[in-house]
Amino acid sequence: MLPLASPGPDYVPGAVNDPAFRSIFRALHEGVAIFDADGRVVEINPAAGPLLALAEDDLRDGAVRPGPIEAVNERGDPIPEEELPFYACLRTGTPRTDVVLGLRGKGKRVRWFLVSAVPLVGGGTVASMLDFTAIKNARDEIEQRKDEFITTLSHEMRTPLMSLNGAVSLLHAGAAGAVPESALPLLGVARRNADRLIRLVNDVLDLERILAGTMSLSLGLHELNKIARIAAEAASPLATAAGVQLAVIPSEKSILLQTDVDRVQQILANLLSNAIKFSPRGATVEIRVTRVAQRGQVTVRDFGPGVPKHFRSRLFLKFSQADPGGRTRGERGSGLGLSISRAIAAALGGEVGHEEPVGRGAAFFLALPRERSTA
Ligand SMILES: Nc1ncnc2c1ncn2[C@@H]1O[C@H](COP(=O)(O)OP(=O)(O)OP(=O)(O)O)[C@@H](O)[C@H]1O
Ligand SMILES: [Mg+2]
């Protein structure tokens, strides 16, 4: 493709006067705006109007810098102006593609745009913006219906599963008379799988409660090095069975947190079970405790295959797992652990994330706010 040329310093806005070109430019569903090197708009079509709050007429007397744009990302966090794709592209000289950007209009309605920006040779950038509000709303609604369906199904399955499990356990224990030796392994299989299904159903219901904000928290003052040590002790049978060493590296100073310690243990148990599951026999899993600004952090690092690059954006989605071929051992989980961990961490005012790996393996962190009075 030929490089896209900049309009240059002497460019007169609206100068693209070829009538056929202008008609096409104006009829596009996709908004298009050309910015000069100073971040001023020199060309704009009507579809770009809503995002930039500019119209063709505004450019009659020359290039115009758009007013402040208050945009949010998909999580609802504000996007700083310099991070808007067209300004970021101007600043760095590199393209930005398919950035999702929400604009809050009158009332609470948000309009969603997919924005890309490509640098122009000689300065400036051309930005395209597609209003995909209708598609996004439809997608969100499907997502919500799917969640409701899964939750209802889980609710309905829980009671029969519990009674099934109870009945099989009683049979296994001989409560209904002696079980033939040859049937015992079969009852064992039935019990283990019923257990697994109950765990899955409980995980789904747990996640729903956390996301709905109806999970009750029981807060207390706890020290993070101690939390990490207890998490390692709890995971040690799993580690031993997998031939993996657990190494806790405490922080020098103690770190106090006002938090729900059982929920923190639940997060660490999942991070540790993942790290152990993906570690080769004989490897070590590091559990490092650090102070990072106002937060206390536990980083769980393993020396397994790491998280494939193509999968990183889906790590924290429900039921999502990379190709299980990459895993070295263990039962296949349900792919809920990380999404539950992230939701709990958010409810505790913190965060769970994946660190860009340095060298081999994977590293995940849990960061929680430190208790202020002891800072
Ligand atoms: N330490 C790790 N190394 C490599 N891949 C990982 C690691 N931790 C997580 N993953 C990837 O992320 C996926 C999701 O992890 P998550 O904990 O959510 O689910 P799971 O462990 O598969 O199942 P569950 O936790 O519900 O039993 C894993 O299946 C794996 O593909
Ligand atoms: Mg897991």
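The magnesium ion (ligand 2) of this predicted model is coordinated by the OD1 atoms of Asn270 and Asn274, at 2.2 to 2.4 Å. Donors are N, O and S atoms within 2.8 Å of the metal (3.2 Å for Na, K and Ca), and water is not among the atoms, so sites may look incomplete. Both asparagines belong to helix α7, where they stand four residues apart, about one turn of the helix. Helices are DSSP runs of H or I with at least four residues, strands are runs of E with at least two, and both are numbered from the N terminus.

Asn270 is buried, at a relative accessible area of 13%, and Asn274 is buried too, at 16%. Buried means under 20% relative accessible area, exposed over 50%, and partly exposed in between, with a 1.4 Å probe and protein chains only. Among the buried residues are Val264, Ile267, Leu268, Leu271 and Lys277. The end C-alpha atoms of α7 are 24 Å apart, which agrees with the 24 Å that its 17 residues should span at 1.5 Å a residue; the expected span is 1.5 Å times one less than the number of residues. At the start of the helix, a side-chain oxygen of Asp260 comes within 3.2 Å of the backbone nitrogen of Asp262.

A polar side-chain atom of Gln321 lies 2.6 Å from a ligand 1 oxygen. Backbone N or O atoms also approach oxygen atoms of ligand 1, that of Leu338 at 2.7 Å and that of Ala322 at 2.9 Å. The protein covers 92% of the 610 Å² of accessible area that ligand 1 has on its own, by the Shrake-Rupley method with a 1.4 Å probe.

Residues are numbered from 1 along each chain as its sequence is written, with chains lettered from A and ligands numbered from 1 in the order in which they are written. Local features need pLDDT of at least 70, side-chain atom pairs count only at pLDDT 80 or more, totals for chains, interfaces and linings use all residues, and side-chain values use heavy atoms, leaving out hydrogens and water.

Methods. Polar contact = N/O pair within 3.5 Å; in protein donor to acceptor, adjacent residues only side chain to side chain.
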